[in-house]
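Colleague: I am new to this one. Could you take me through it in short steps?

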Amino acid sequence: MAAGIAGLAAARTLQDQGHRVIVFEKSRGLGGRAATRRHDAVGFDHGAQYFTARDRRFRHVVEAWREQGLVALWEGRLGRVREGGIEPALDRQERFVGVPGMSEIGRHLGADLDVRKQTLVTALHHHEGLWRLHSEAGDPLGDFDALVVALPAPQTQVLLAAAAPHLARQAASVDYSPAWAVMLRLPDKPMLPYDGLFFTGGEIAWAARNSAKPGRRGHTWVVHAAADWTRAHLETPVDRVAQTLTASLAAQTGMELGDSEVLSAHRWLYSLVDNPLEAGALWDPDLELAVCGDWCNGA
């Protein structure tokens with residue numbers, strides 16, 4: 001548990017090796033931050049904007065996904081917004097996206113897994129070599145020979161505090177940056193020669209013309225707020241967040257956004273990991289307990 005990319009990858013591998021696997025996921029979807037939100041048949045990658053493939057083993061997987069049409073290379077024109085204008089962000093990093101949205105990756109990984117959605121695990125106990133899990137309502141979810149926890153570090157810390165305090169302490173050492181995400185629909189394609197923008201200050205960290213990615217449609221943009229700004233506005237009403245970020249995007253880029261429509265906003269409490277462990281994954285052979293996620297090894 002749960003059904004983010006790390007959890008699904010672990011579950012997929014274990015099931016392929018012949019193990020019986022059950023995944024518990026508190027939400028209605030798969031993929032975690034590799035997410036796509038849809039409005040009026042228009043999709044927005046409001047979480048992870050793209051992914052890279054630096055490890056040769058993962059690169060092999062990505063090439064197979066490309067052959068299946070599950071992912072595609074995004075050759076977006078990237079810029080960097082600085083005081084006084086926008087300059088090209090020149091790098092040769094290959095960036096991939098799910099097609100037609102980032103959520104396709106999670107859907108593919110979980111295609112034939114036993115995933116129990118909208119099931120929040122709030123308690124677990126290790127007794128006589130078995131893990132017993134309970135739901136938020138206190139209902140038993142079963143006994144298991146081994147357990148994989150694939151949650152953000154703060155949630156892992158709480159869940160494992162009693163059963164595996166040594167792993168909970170490692171989770172407690174990890175910090176996350178939050179991020180507000182705003183999803184915009186524009187009446188026309190803006191006259192801006194960039195598909196993605198890195199910001200170096202102010203309210204915004206990143207903005208992307210979502211519709212520039214392969215398999216997308218419409219004239220849509222996703223704006224991610226800067227971590228410091230988000231921390232200062234975690235409880236700000238959604239409409240005020242959207243208004244502020246939209247105005248900032250227009251002011252810093254010169255885009256005409258007067259007739260744009262805010263379709264949604266989402267607050268990611270655990271957006272990016274500030275200080276990952278760089279441990280790969282955590283494993284206790286005596287407890288048959290594994291812990292994985294980007295906080296264990298970096299994004």
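What follows is a run of questions and answers on a predicted model.

Colleague: Is S211 buried or exposed?
Modeller: S211 sits in the loop between β15 (204-209) and β16 (220-225). Its relative accessible area is 12%. Buried means under 20%, so S211 is buried.

Colleague: Which residue has its backbone nitrogen 3.2 Å from a polar atom of the S211 side chain?
Modeller: Begin with the contacts of S211. Leaving out residues up to four places away in sequence, S211 touches R216, R217, G218, H219 and T220. The backbone nitrogen at 3.2 Å from a polar atom of the S211 side chain belongs to T220.

Colleague: Is E278 buried or exposed?
Modeller: E278 lies in the loop between β17 (261-273) and β18 (282-284). Its phi is positive, about 60°, although E278 is not a glycine. The relative accessible area of E278 is 66%. Exposed means over 50%, so E278 is exposed.

Colleague: What is the phi of A41?
Modeller: Most residues other than glycine have a negative phi. A41 is in the loop between β2 (37-39) and β3 (42-44). A41 is not a glycine, yet its phi is positive, at about 65°.

Colleague: Which residues does a cis peptide bond join?
Modeller: Most peptide bonds are trans. Look at the loop between β7 (96-98) and α3 (103-109), where P100 is found. Omega is about 5° at the cis bond, which joins V99 and P100.

Colleague: Which residues touch the most other members of the largest nonpolar core?
Modeller: This core has 28 residues.

Colleague: What does L160 touch?
Modeller: Residues up to four places away in sequence are not counted here. The contacts of L160 are L124, V149, P165, L167, A168, L289 and V291.

Colleague: How many residues are in the other core that lies apart?
Modeller: Among its members are L8, L30, L78 and M102. That core has 25 residues.

Colleague: Which element gives the largest share of the lining of the second largest pocket?
Modeller: The pocket holds about 560 Å³ of space. Of its 22 lining residues, L14, R20, V21, A146 and L147 are the closest to its centre. Two or more lining residues come from each of α1 (5-16), β1, β11 (140-144) and β12. The largest share, four residues, comes from α1.

Colleague: How many residues of that lining are nonpolar?
Modeller: Two are polar and four are charged. The nonpolar residues number 16.

How values were computed:
Residues are numbered from 1 along each chain as its sequence is written. This is a predicted model: local features need pLDDT of at least 70, side-chain atom pairs count only at pLDDT 80 or more; totals for chains, interfaces and linings use all residues. Side-chain values use heavy atoms; hydrogens and water are left out. Buried means under 20% relative accessible area, exposed over 50%, partly exposed in between (1.4 Å probe, protein chains only). A polar contact is a pair of N or O atoms within 3.5 Å; within protein, one must be able to donate a hydrogen and the other to accept it, and residues adjacent in sequence count only if both atoms are side-chain atoms. Contact means heavy atoms within 4.5 Å. A nonpolar core is a set of buried Ala, Val, Leu, Ile, Met, Phe, Trp, Tyr and Cys residues joined through side-chain atoms within 4.5 Å. On a 1 Å grid over the protein atoms alone, a cavity is a set of points where a 1.4 Å probe fits but cannot get out, and a pocket is an open set with protein on both sides within 12 Å along at least five of seven lines; lining residues have an atom within 4 Å of a point. Grid points are joined across faces, edges and corners, and a volume is the space filled by probe spheres set on the points. Ala, Val, Leu, Ile, Met, Phe, Trp, Tyr, Cys and Pro count as nonpolar, Asp, Glu, Lys and Arg as charged, and the others, Gly among them, as polar.
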